[in-house]
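Reader: Hi! I'm new to this one. Could you walk me through it?
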Amino acid sequence: MRIDILTVLPEMLESPLGCSILKRAQDKGLAEIVVHNLRDYTTNRHRKVDDYPFGGEAGMVMQIEPVDRAIAHLKSERDYDEVIFTSPDGEQLTQPMANRMSMLDNIIILCGHYKGVDYRIREHLVTREITIGDYVLTGGELPALVITDAIVRLIPGAIGDEQSALSDSFQDNLLAPPIYTRPAEYNGWKVPDILLSGHQARIDEWRHEQAVERTRRLRPGLLDQ
């Protein structure tokens with residue numbers, strides 16, 4: 001998979017993309033993540049990518065031309081399955097969505113900034129708008145990182161134990177059950193006896209029951225999906 005990220009703040013992305021699972025996936029050749037500075041696609045000497053909005057509203061707006069030039073350049077080199085715009089009013093990122101996108105080949109992620117982007121970008125250049133929550137951030141760089149991490153970690157081979165990803169929260173519309181490790185007792189706090197019993201079928205049943213209980217208590221809406 002190749003993910004191209006378009007941003008006006010590439011320095012915000014460099015460190016996270018070079019750590020942990022994202023770094024290992026790139027080192028293994030499982031994913032290629034390329035960050036592009038939108039200012040490189042401007043035609044003015046000040047490398048300006050924003051301007052005042054028509055109609056007099058407060059704030060600055062990302063211009064369509066550098067975004068169009070960047071996307072057109074990338075599309076001239078390869079085909080893309082999705083051109084994603086990180087928008088607070090997009091569709092909510094979910095685990096099933098990440099599962100589906102992890103099977104794609106090439107993705108562009110456009111990071112919004114300032115007051116927003118010229119709406120013609122959303123009308124004509126992007127194929128999907130995604131949000132990571134009902135709140136507004138300074139820019140789309142953090143959501144782009146979240147989307148990238150959620151997708152790349154699911155690529156076979158990115159995680160050492162692939163079964164671990166399949167048992168994550170939300171994979172079956174359930175929260176993950178409690179997990180414990182050594183020591184079996186600490187400060188008088190004990191690991192549930194069932195996990196020390198060695199009866200795998202009973203352990204699996206307990207884990208499922210705990211997952212359902214936690215979901216019903218913490219995120220009941222998931223049980224209706």
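Author: Happy to! One term to begin with: a residue is called buried when under 20% of its relative accessible area is left, and exposed when that value is over 50%. Also keep in mind that this is a predicted model.

Reader: Thanks! Is helix H6 largely enclosed or open, and why?
Author: H6 is largely enclosed by the rest of the structure, because nine of its twelve residues are buried.

Reader: Which residues of H6 are buried?
Author: Among them are Glu141, Pro143, Ala144 and Leu145. Further along H6, Ile151 and Val152 are buried too.

Reader: And how far does H6 reach?
Author: From first C-alpha to last, H6 covers 16 Å, close to the 16 Å expected for the helix.

Reader: What about Leu142, is that residue buried or partly exposed?
Author: Leu142 counts as partly exposed, because its relative accessibility is 43%. This leucine sits in H6, which covers residues 141-152.

Reader: Switching topic: what is the strand order in the open sheet?
Author: The order is S3-S4-S7, with mixed pairing. S3 (50-51) and S7 (116-117) are the edge strands, each pairing on one side only.

Reader: How do S4 and S7 run, parallel or antiparallel?
Author: They run parallel, with two bridges joining S4 (residues 61-62) to S7.

Reader: Which residue in S7 is the bridge partner of Val61?
Author: That would be Gly116.

How values were computed: Residues numbered from 1 in each chain as written. Predicted model: local features only at pLDDT ≥ 70, side-chain atom pairs only at ≥ 80, totals over all residues. Heavy atoms only, no water. Helix = DSSP H or I, 4+ residues; strand = E, 2+ residues; numbered from the N terminus. Buried < 20%, exposed > 50% of the residue type's maximum accessible area, 1.4 Å probe, protein only. Expected span 1.5 Å × (residues − 1). Pairing = 2+ DSSP bridges.
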